[in-house]
Amino acid sequence: MIGRLTAIAYNTYREAVRDRVLYNLILFATLIVASSLLVGQISLEINRIVLINLGLTAISLFGIVIAIFIGIGLVSKEIEKRTLYTVLAARPVRRWEFITGKFLGLVMTLTVNALLMSVGFFAAVMYVSHGLGRGDLSLVTAIYFILLEYVLITALALLFSTFSTPIFSSIFAFAIFAVGTFAEDLRGFAQMATGATRWMMTGAAYLVPNFAALNVISQVAHNTAVEPKLILLNTLYVMAYTAAVLTASVWIFERRNLK
Amino acid sequence: MRESEGHAIVPSVGSRFDNVRKDHFSYLPRHKPSAIILTKQMAAIEIQGLEKSYRTGFFGNKLKQGLKPLTLSVEEGEVFGCLGPNGAGKTTTLKLLLGLVFPSGGTAKILGCDLDNINVKRYIGFLPEQPYFYDHLTPLELLDYYARLSGVDSRERKRKVNTALARVGMTDSGKTQLRKFSKGMLQRVGIAQAIVHDPKLLLLDEPMSGLDPIGRREVRDLVQELNEEGKTIFFSTHILSDAETVCDRVAVLNKGELKGVGVVADLLREVSGDVEVVWRGARAIPALSALGARCHATGDVVRGLLSERSLEAALAALRQNQAHLTSVTPVRATLEDYFLARIGDEKPNEVNA
């Protein structure tokens, strides 16, 4: 089972790399170099804040866009191109292994991508701040939270990919990411409602993935430490949410006729 | 889904074939997982009333039968052809057997195991129609990936991959990305991936389609070669001459329904029965025409084509008219004749199966 999972995951990673997904790094590198040179001109006080905000937001958005655009095709593209016939038809591969392998492969791609971006980001921070301090450890936490975002959005894109077309899947995935970014506000609105509406709104607010809790960019940009409790809670939340979404993906895919 | 990894495959009970089969299975120790030992007596594929309906229409309220209840048996060591026009249900049958689509009714067993037994797939090779592969890979990488998924031991993998590539004549192109390949080359890679793990049963969907005459000949030879090695081969095709050349038995499907099944020679006998009679003496023409013969005279030599049933009466008529009999030759029917006789008057099904 492990052998099959790693084979599928590695093939997914290899496909993404050979399809030149990592070329986005060139764009990221250009952006980060240009911004670090530019912020140096503005002010000694805020150049670091601007660079951290810009760099981490770029790492987050680049990965989210890749996760959605590859994630929505993970299953549907295989059905459309009929490549999964040769995997599922005559190989002892269970459908859940296929889904999980594809998921792990894309997460691996995104992680490698994020690590390479992080190297450039830290180099830029060092250039602007003339070195790294102990407080910069919170930047690592922010990047870890971005990786958790990737995991969550990959699982959601994969879920949509099991039953919908790529266009609708991308709309759903972007929409849910946008809504999830305002999850805290949604919960606030729900508290203001009354009666049955309140219950329904609260349910809906807790159902959408809470991307807001994973965004600590402005906090770390202002040198505010991230509480260890939040790291633990976010990790557990993403693990549970991802497991639920993957289970739903497998449930749908297991019942699907591959015509 | 039955979890049976790490165990020898156990034939399910309840089938009328079980008494025969149980003797031929070997229950192997756990360190040698899921091994099957087949014998000559065992059916490689056993289909009992397998059927598939699809919901169509905007609201999914219409039911279309892609495959009507099908009962069929393919013996081990056979080359079995599944014939039919486009939309006949050939691909649906293969997809049902391979678990890509789920049956609406009926049962089937492959190598004595139920369809939901995932471990039996170690012993199956499949070539889809117009195969597409991960075109970012080279044939060597692709076959290695498939061999890995099929559970081929890492020590054996490289050798098996190279052997499979050599068998389809692709050794020199092993390191070229598949996106640069022609359709014929992809078909060869398709066959290589179907045999890379040395399966006992090969399911080939239109293996000769899209190939030039030389390619078709090579695939036919390979099918025969694999069969001589003891592999069972089940393939679908609408190219009747291919089926006639390589198949021991064929099944004819149309509109999702089995129209006939049997040894090729037996089936042809059903639609044959015509004889060509050649004689000298034009005087006998009216008498033979009266028996239904289609006569064509060239000078004094007459050729008459008539039903075998009328042969005795025709010979008597020739004697009566003092004609000189030159030859009586049975007319050999082709699978095309059989095909047209069975389904020629029916329009093909609209279901894309």
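1. Basis of the note. Residues are numbered from 1 along each chain as its sequence is written, while chains are lettered from A and ligands numbered from 1 in the order in which they are written. Since the model is predicted, local features need pLDDT of at least 70 and side-chain atom pairs count only at pLDDT 80 or more, whereas totals for chains, interfaces and linings use all residues.

2. Overall content of chain B. Chain B contains 11 helices and 14 strands; helices (H or I, at least four residues) and strands (E, at least two) are DSSP runs numbered from the N terminus. Chain B has 353 residues, of which 41% count as buried. A residue is buried if 20 or more other C-beta atoms lie within 10 Å of its own, exposed if 12 or fewer, and partly exposed in between, with C-beta atoms placed from the backbone.

3. An enclosed strand. Strand 7 of chain B (residues 201–205) is largely enclosed by the rest of the structure, because 5 of its 5 residues are buried. On one side lie Leu201(B), Leu203(B) and Asp205(B), and on the other Leu202(B) and Leu204(B); all are buried.

4. The neighbours of strand 7. Two strands pair if DSSP finds at least two bridges between them. Strand 7 of chain B pairs in the parallel sense with strand 6 (residues 124–127) of chain B over 4 bridges, where Phe126(B) has Leu203(B) as its bridge partner. Strand 7 of chain B also pairs in the parallel sense with strand 8 (residues 232–237) of chain B, over 5 bridges; here the bridge partner of Leu201(B) is Thr232(B).

5. An open sheet. Four strands of chain B form an open sheet in the order 12-13-11-14, with antiparallel pairing. Its edge strands, strand 12 (294–298) and strand 14 (324–330) of chain B, each pair on one side only. Strand 12 of chain B is joined to strand 13 (residues 301–307) of chain B by 5 bridges in the antiparallel sense, and Cys295(B) has Gly304(B) in strand 13 as its bridge partner.

6. Contact between the chains. Chain A gives 24 residues to the contact and chain B gives 25; two residues are in contact if their C-beta atoms, placed from the backbone, lie within 7 Å. On the side of chain A that touches chain B, helix 1 (2–18) and helix 5 (85–88) of chain A are the elements that give two or more residues. Helix 1 of chain A supplies the largest share, 7 residues.
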